[in-house]
Amino acid sequence: MNATSNLYGDELLSAIFANFSSPRLKFKTTESKLTGVFFKLLGQPKFRPLAKQYPFDVDGYEPRSKALSDAFQSLQQSRMIGRMNPDLVVYEVSEALEVRYQKFIEPKLKGRKTIVKQLAEEVEKHLDIVKSRATVAPGLGIPKNVAKIQDR
Amino acid sequence: MSLKSKIDKFVGLHLDGIQFYTEKRKYVHDPIWGTIELYPHECCVLDSPLLQRLRQIHQTGFVYATFPSASHTRFEHTIGVMHLAGKIASTLKERHPKDANEKTIQKVRLAALLHDTGHSAFSHTSEEIFESRKDLHDLLKTGGEFQGKGAGEVLSYLIATSQAFRKFFRKVRKQYPKVLVDVNDFAPLILGRADPEKRFEADIISGPVDADKLDYFPRDGRASGVELAVDIERLLHCLSIASERRAGKNYRLMVVSRGGFNAIQQLLFARATLFASVYHHHKVRACDCMVKACFEHFSEKGMKFKKNSVYPGFNLKSAADFLFLTDTDFFGEAYNHKCGSLTHQLIHDLVYRRLFKRVLTISRNTVRDFDNSQQKAGYSQFFNLRACPEAMRALAKKIADKAKFGGKYTKVWLDIPREPSFRKAGDSMVNMSSRTSNPRLMKLESVIPIAQWVDTYQQYYAQSFLFGPESVAERRALAISALKILEFEYGLKLNRDAIAEDLREFISEKIVPA
């Protein structure tokens, strides 16, 4: 059984977004740009253990991954990340994604936390971060409801 | 035996003893495109059992069970795609004679003829099953020979490149010296593979605005009775070839001029409409689950499909086994089993439209207090199951166990359909200049976010289902069991709209508040 056999594509993507440097981060991207970022990063030897999640079709003008596309769609569908009008290219990581990560995904990561965190750092570097007024009170590391979960 | 050898055997059996009888062109009358011309060498391919079997495969699976006139097949779609691919290539040849020529037209028409040969019974319904068969899955996963490709297109490619088909096509070329192309010229186009300077050829067969999509939107819409307006003629007039450098390579791409924006927009909305109202209709999904139930039953019992005086039977462990199945074979299988047996009953229930019934509908509209982060998180984790059919099946079985079904899982199915992605359309390259000689290329999505809009619109329609048997008592038990399990495992609380209408009066407001 491979190291990521029980971690699904949208769980890995959630874990990456949840490990961004600040919660509720806003970033500007398109699906093709995001695919390009993942293609580049997952090609690096240190991230290869996670590459199985997203097989890339490299025959076209640019790489595509149906698995990554499905995962990205899935997170939008369930409102884990939101898109802002009218251009629909600015995404915001939701509070609910933090909840989902802590409740369901983090326990599944086990020994893979470090590599996921490293990948999240790299992905963040490649994204166009949108600076706006903080949606989380300054100084408060994580949203209130996430803190409640940790307390339990 | 490897997958490739098995496919070679399949192709050999379906091309054996073909006669090259015609020297004349043939004309086919098509309800969408009118008169379609076929060249003699194309007639040889089309008349072979390899292509004729597509007459026995419904284009849209079980859509006809809900939209009665949607009984069209992969065969007529194939002819339509061939016609359109040739038409696009002719348009490009006229505008860019240095890029596209007679060979281009032959290549794309042959690739189009073969692009759906990898389909099995009920088209995409069986594709969802055979894509997970180990021999094919190994080729599709990261590091595999066809990583990231679609299961059906890989099987079609393997058919076109099999030894048996190559041998057959050598004979075709010998018989018809006007044929300028060989298998290696057109087969890669099925996978969207082409040299950078001939990239437009792959775009015609497998691109953002390819002949396949241009045929199936109007065909499926017309057949299902859903009015769709797509100005394909206009779009064809707006196609050209332009250069784009990427990673040190010069790509010659098929691009759309600004005049084609409206047609692309129509195309995207047509696709969203078809998915929301036709392909993902709950009755269509119920039929898909019944087919899966049948295949699951066969595999659990170690039985063989199509075991008769001609075939030894197929255990369906290899993706190649599915190529021997068409819709007709599937329905005919009922008569290989005793009346009253589960297989006979399941197949006849499909034939006579005694379908599984809805127990629950799970969507953002049926989750209680969806704005609550805990609920959203639970919904997302549940929705994530669609990436793993085995986990989805395990949850359905767990629900059946809690409802005391005594291990009878056949009629209990959870279905989380995959939503279509519109990204590919957003990737269409558009020429913002009014001239084709001096193009200014941009991606459609950076000019106007049509694909993103349609994507967002589509997300409102996504819903998952729990299906069960007809009995109200059994479905009530399933509903109560599912509500408890979803709350326990995902913290997910559903509202009364989630419960099938005919069950609501039997489930008290204490269990699910109004």
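How many bridges join E5(B) to strand E9 of chain B, and which way do the two run? I counted 5 bridges between E5(B) and E9(B) (residues 464-468), and the two run antiparallel.

**Ground rules.** I am working on a predicted model, in which local features need pLDDT of at least 70, side-chain atom pairs count only at pLDDT 80 or more, and totals for chains, interfaces and linings use all residues. Residues are numbered from 1 along each chain as its sequence is written, and chains are lettered from A and ligands numbered from 1 in the order in which they are written.

**Sheet in chain B.** I looked up the sheet that holds E5(B); its 3 strands are ordered E5-E9-E6, with antiparallel pairing, and the sheet is open. Strands here are DSSP runs (E, at least two residues), helices likewise (H or I, at least four residues), numbered from the N terminus; two strands pair if DSSP finds at least two bridges between them. E5 (357-362) and E6 (413-415) of chain B are the edge strands, each with a single partner, so one side of each has no neighbour in the sheet. I noted that Lys357(B) stands opposite Gly468(B) in E9(B). Helix H23 (residues 472-490) of chain B packs on the sheet and touches E5 and E9 of chain B; its direction makes about 20° with that of E5(B). Axes are lines fitted to C-alpha atoms, for helices over the stretch in contact, and angles run from 0 to 180 degrees between N-to-C directions. Contact means C-beta atoms, placed from the backbone, within 7 Å.

**Core.** I looked up the largest nonpolar core and found 151 residues, with Ala85(B), Ile205(B), Met290(B) and Leu360(B) having the most contacts inside it. Such a core is a set of buried Ala, Val, Leu, Ile, Met, Phe, Trp, Tyr and Cys residues joined through C-beta atoms within 7 Å; buried means 20 or more other C-beta atoms within 10 Å of the residue's own. Helix H15 (residues 282-301) of chain B gives the most to this core, 9 residues. Domain 1 (226-280 + 427-461) and domain 2 (356-419 + 462-514) of chain B both give residues to this core, so it lies between them; the bounds come from an automatic or database domain assignment.

**Chain A against chain B.** I found 38 residues of chain A in contact with 36 of chain B. H4(A) gives the largest share of the chain A side, 7 residues.

Note on methods
Buried ≥ 20, exposed ≤ 12 C-beta atoms within 10 Å, placed from the backbone. Contact = placed C-beta atoms within 7 Å.
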